Structures are given as structure tokens and as C-alpha cells.
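Reader: I would like to learn how to read a structure, one feature at a time. Where do we begin?

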Amino acid sequence: MKTLATTALLLLALTGCNKDAPATAAPEPAPATASSSEQDIASARAFLSHIYAGYHPDAGLDAILPDDEVYAPALLAAMQANSDAYAGEVGYLDGDPLCDCQDTAQDLRQLSFDIQPLADGQLRASTQLDDPQHPLQLQLTLQRQGSSWRVADIATARAPSLMQALERDTQAAVGRK
């Protein structure tokens with residue numbers, strides 16, 4: 001008899017589980033800025049990982065991404081204008097601005113970036129590598145280019161803005177001609 005009563009209670013409880021749940025208000029969506037900032041930061045991290053995947057001593061030149069997959073059009077244009085101003089000679093850029101180096105003597109694949117949103121939809125990605133032989137301190141300004149990110153400017157200890165340094169150097173080179 002006790003088993004029959006337990007079974008009946010169990011059936012009643014299960015029957016109640018099949019009833020439709022009362023309608024509730026849909027949860028409020030999270031603010032778009034918070035959600036998109038998290039998504040932007042995650043996609044920017046993936047972009048930076050992709051860039052720096054080829055930065056290690058054993059990598060060949062083919063491991064480095066093409067410039068148009070790395071730099072924003074305005075920075076590419078400033079680089080090209082500087083190169084044109086020097087007509088085949090070495091201009092302002094005498095190394096790789098992404099590592100602030102001549103060649104990759106370090107393994108930069110594991111660089112970690114602190115990424116912060118900027119007011120204009122861009123992101124600031126900062127990193128520091130405390131290597132006594134090859135210290136590195138970079139701040140990359142990232143901007144959207146279609147569905148991806150591109151480097152719009154680079155700040156180092158030597159130059160607080162690669163874009164501005166290129167523009168000044170190009171003007172000086174053109175003025176000397």
C-alpha cells in the first residue's frame with residue numbers, strides 16, 4: 001500500500017511538470033556597448049595573436065602577415081608616402097614597428113595585451129616585455145576594418161605616435177628636395 005501511495009504522489013508530481021510555465025517577461029538585453037566591447041576585445045585579442053604568431057626566431061619571412069592584413073589604410077598610406085619621399089633610400093622605418101626591432105630575436109607569440117576601449121570605437125592594446133637584452137613596450141591603436149581589426153597607430157618609448165612621426169619625417173624629407 002505504501003508503494004502505491006508513493007507511486008501516486010510521484011505521478012502527480014510528474015504531471016505537474018508537464019504544465020506550461022507561466023509567461024514571463026523577456027529578460028532585458030545587456031547594453032550593446034558592454035556586449036560589443038567584450039566581443040571587440042575578444043576579436044582584437046585573436047587578431048593580435050594572429051599577427052604575433054609569426055614573431056619568433058625560427059619563423060621565416062613568410063610567417064609575417066602582409067601589411068594590408070595588419071595596418072589600417074591611413075597608416076599604410078603614411079608608410080608609403082614616407083617611403084616615396086626617400087625614393088628608394090631608408091626612410092623613417094628602419095625596422096619592424098610591430099616589435100620595435102630589426103629582426104625577431106625574441107619569441108613574441110605569448111605576448112599578453114591589456115586592451116581598453118577608446119572613445120571613438122578604437123581599442124588600445126598595451127604590452128610590455130621586460131627582457132634585459134630586448135625590452136619591448138608597445139601601445140597599438142586598433143580600429144575596425146570590415147569585420148576585422150587593423151593597427152591604426154603604434155606608440156613606443158621612441159615615438160608616441162608612429163603616424164605622426166611618419167608624417168613629420170615625410171614633410172621634412174620632401175622639404176629637403
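Predicted model: local features only at pLDDT ≥ 70, side-chain atom pairs only at ≥ 80, totals over all residues.

Author: We begin with aromatic rings. Rings of Phe, Tyr and Trp (its six-membered ring) pair if their centres lie within 6.5 Å; planes under 30 degrees apart count as stacked, over 60 as edge-to-face and the rest as tilted. By this rule there are two aromatic pairs here. In one of them, the ring centres of Y52 and Y55 are 5.1 Å apart and the planes stand at 50°, so this pair is tilted. Y52 also forms a tilted aromatic pair with F113, at 5.7 Å centre to centre and 35° between the planes.

Reader: Is Y52 buried or exposed?

Author: Buried means under 20% relative accessible area, exposed over 50%, and partly exposed in between (1.4 Å probe, protein chains only). Y52 has 1% relative accessibility and counts as buried. Y55 is buried too, with a relative accessible area of 1%, and F113 is buried as well.

Reader: Which residues of the largest nonpolar core touch the most other members?

Author: A nonpolar core is a set of buried Ala, Val, Leu, Ile, Met, Phe, Trp, Tyr and Cys residues joined through side-chain atoms within 4.5 Å. The largest one has 35 residues, of which L48, I51, Y52, L98, L140, L142 and V151 touch the most other members. At least two core residues come from each of α2, α3, β2 (123-129), β3, β4 (148-155) and α4 (162-176). Helix α2 gives the most, with six residues.

Reader: How many salt bridges are found in the whole structure?

Author: Side chains of opposite charge can pair when their charged atoms come close. A salt bridge is a side-chain nitrogen of Lys or Arg within 4 Å of a carboxyl oxygen of Asp or Glu. A search of the whole structure finds two. One joins the side chains of D40 and R144 (2.9 Å, N to O). D40 lies in helix α2 (residues 32-52) and R144 in strand β3 (residues 136-145), so this pair ties together parts that are 104 residues apart in sequence. D40 is buried, with a relative accessible area of 18%, whereas R144 is partly exposed at 36%. Another salt bridge joins the side chains of D107 and R109 (2.6 Å, N to O). D107 is partly exposed at 38% relative accessibility, and R109 is partly exposed with a relative accessible area of 38%.

Reader: Where is P66 found?

Author: P66 is in the loop between α2 and α3 (73-85). P66 is partly exposed, with a relative accessible area of 41%. The C-alpha atoms of P66 and I51 are separated by 9.7 Å, and the two residues are 15 residues apart along the chain.

Methods
Residues numbered from 1 in each chain as written. Heavy atoms only, no water. Helix = DSSP H or I, 4+ residues; strand = E, 2+ residues; numbered from the N terminus.
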